[in-house]
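Reader: Hi! Could you walk me through this fold?
Author: Happy to, have a look here.
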Amino acid sequence: MANRILIVDDAAFMRMMIRDILTKNGYEVCGEANDGAQAIEKYKELKPDLITMDITMPEMDGIQALKEIKKLEPNAKVIMCSAMGQQAMVIDAIQAGAKDFIVKPFQADRVIEAIKKTLG
């Protein structure tokens, strides 16, 4: 059975890029969200195996959403996505419970490596 993944990013283009990488590698994209608040609702509704979460988003950023999801499910698997030069935010994300992070622009092999490592 394919692992179910929720993609969270405020940029539709970035969601499309990740979806493309995931589906080509046999993963099931079970849903998408474009901000942190929506990510929490989708997480509750879909119960995905893994979430890819952008850090910088309107309404609620990825780190705040990560903290809320971890309150709901301490074992939630979240991989943060960030643009170059956001090291401090990446450290905050790891401390908040993110399993890994991938840097934009996405490289397919790095995305798949992070997902395989996280899902174990």
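Reader: Nice. How many bridges join strand β1 to β2?
Author: Five bridges join β1 (residues 4-8) to β2, and the two run parallel. Strands here are DSSP runs of E with at least two residues, numbered from the N terminus, and two of them pair if DSSP finds at least two bridges between them. Ile 5, for instance, is opposite Val 29 in β2. This is a predicted model: local features need pLDDT of at least 70, side-chain atom pairs count only at pLDDT 80 or more, and totals for chains, interfaces and linings use all residues. Residues are numbered from 1 along each chain as its sequence is written, and side-chain values use heavy atoms, with hydrogens and water left out.

Reader: In what order do the five strands sit in the sheet?
Author: The open sheet runs β2-β1-β3-β4-β5, with parallel pairing. β2 (28-33) and β5 (100-103) are at the edges with a single partner strand each, so one side of each has no neighbour in the sheet.

Reader: Switching to α1: which of its residues are buried?
Author: Met 14, Arg 15, Ile 18, Ile 21 and Leu 22 are buried in α1, where buried means under 20% relative accessible area and exposed over 50%, partly exposed in between (1.4 Å probe, protein chains only). They cover an arc of only 130° around the axis, which puts them on the same side of α1; the arc is that of the directions from the helix axis to the C-beta atoms. Helices are DSSP runs of H or I with at least four residues.

Reader: And what's exposed on the face turned away?
Author: Phe 13 and Lys 24 are the exposed residues on that face of α1.
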